[in-house]
Amino acid sequence: MADPADSPTPEGGNRPALALHVPEPKYRPGDTVDFSDVDIGEAGKLPRPDESVDPAEMKDFAYRLVRVLGEDDKAHGAWDPKLDPDTLRTMLGHMALVRAFDERMFRGQRQGKTSFYMKCTGEEATSVAASMALASDDMVFPSYRQQGVLIARGYPLIEMINQIYSNKGDKLKGRQLPIMYSSREHSFFSISGNLATQTPQAVGWAMASAIKGDSRIAATWVGEGSTAEGDFHSACTFATVYNAPVILNVINNQWAISSFSGFAGAERTTFAARALGYGLAGLRVDGNDALACYAAQRWAANRARANHGPTLIEYFTYRAEGHSTSDDPSGYRSAQEREEWPLGDPVMRLKNHLIAIGEWDEERQEEMDRECAERVKKTTKEAEKNGILGHGLHHPFRTMFEDVYEDLPWHLKEQADQAMHERKVKFGEERPWE
Ligand SMILES: Cc1ncc(C[n+]2csc(CCOP(=O)(O)OP(=O)(O)O)c2C)c(N)n1
Ligand SMILES: [Mg+2]
């Protein structure tokens, strides 16, 4: 007898028509936002397991939030990293500097000094506090929204601005998109615009570090949207199989340009819960709580360093501004989301904490903000002496083909000769700077 499943559904038959679910964000422009259903838990409630814990015992941590800073601006519970006031002030200073830097660079793009910029407003803690919990020579594989790592590691602001302006001071010679920094000296791997590629690279680097018997670990940062890329899943598999000394930081800022996190799976489960399927340790953290970010990263770093294994950390945060200077979020999301976000602003929360413990005040904060803005302004002027976008080529055209291969392969040599020839035909005599 024929299997009824093989026959096509007859018109009007009683088998249900199949249907797809297409995720839709809750709020669109103009909508009233209500985040009261977002369960943020309470600061200080979660225990801090031993760093050698079996991932199978960490289920709860993938669904709840590690939080330290409470409504009273005090630090609570076992995850309190108990940092001294000087360290907290340094952390606040780095976060304030990142914000001032973002403001000025964003304006610089609007003034035509660069073609592109990306802010990390609202996410400063996830890079600044997390990188302060690492050793300065641990290798980091960031995405394009971790300028806070470079600032926390003391990378010169002028180098960042030279790169953003692609000017003659740009060590990368204008060959990377603005903000895609690279610094071997600061153990900061070159940023790639191809999403999630940094995740298997970080795992591979960590594996190599272990193979060599080195003591340095690796950490990578990736957006929640990018976790839908295959690379991320390969990274998780390799990390767990080989117990690589690596930290996979997932920044869940709710948005991937105009796609909300639901398209990467947020309607079904948390991003930290990805860890469970791989047998990785997984933590879900309040990404706007600098102390929680620090504590989680330190926990994972200690774990990796002691060969207890890799950790996947989801930072629950919110991208407060547009994706980049090319984006206008008012076209796809409600402006109220930023104001209503239940985890507040990371800079304000750390500032209020320092005030609450009697180690800071509003006057000092204002002075610090002024100093940050002044420092960025001064450095910007300095970098502008090396040129800005629109001043023509800052590096000789002929160098375009250099520095990738030690010896230029014949086919690139041919292309380089042809390109130079075409420019001569177009512009007449060879330009002296070429
Ligand atoms: C492989 C690949 N696909 C698509 C893009 C285009 N793109 C650039 S950023 C971005 C959104 C990424 O969102 P998310 O991972 O959440 O990071 P966020 O920007 O929020 O920090 C997309 C789709 C790209 N650069 N690379
Ligand atoms: Mg995102």
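This is a predicted model: local features need pLDDT of at least 70, side-chain atom pairs count only at pLDDT 80 or more; totals for chains, interfaces and linings use all residues.
A polar contact here is a pair of N or O atoms within 3.5 Å; within protein, one must be able to donate a hydrogen and the other to accept it, and residues adjacent in sequence count only if both atoms are side-chain atoms. Residues are numbered from 1 along each chain as its sequence is written, chains are lettered from A and ligands numbered from 1 in the order in which they are written, and side-chain values use heavy atoms, with hydrogens and water left out.

Let's start with ligand 1. It has 15 residues around it, and Y144, R145, G193, S226 and W255 come nearest (near means that a heavy atom of the residue lies within 4 Å). The backbone gets involved: a polar backbone atom of G193 is 2.7 Å from a nitrogen of the ligand, and one of G225 is 3.0 Å from an oxygen. On its own, ligand 1 has 590 Å² of accessible area, and the protein covers 72% of that (Shrake-Rupley method, 1.4 Å probe).

N253 turns up again at the magnesium ion, ligand 2. The protein donors there are E224 (OE), N253 (OD1) and W255 (O), at 2.1 to 2.2 Å; donors are N, O and S atoms within 2.8 Å of the metal (3.2 Å for Na, K and Ca), and water is not among the atoms, so the site may look incomplete. In sequence, the spacing reads E-x28-N-x1-W. N253 is buried at 5% relative accessible area, and W255 is buried at 5% too (buried is under 20%, exposed over 50%, partly exposed in between, with a 1.4 Å probe and protein chains only).

Now for helix α10, residues 346–356, where the buried residues include P346, V347 and L350 (helices are DSSP runs of H or I, at least four residues, and strands are runs of E, at least two, numbered from the N terminus). Its buried residues pack against α1, α2, β6, α8 and α11, with contact meaning heavy atoms within 4.5 Å. At the N-terminal end, D345 provides the cap: a side-chain oxygen lies 3.0 Å from the backbone nitrogen of V347. After the helix comes G358, with a positive phi near 75°.
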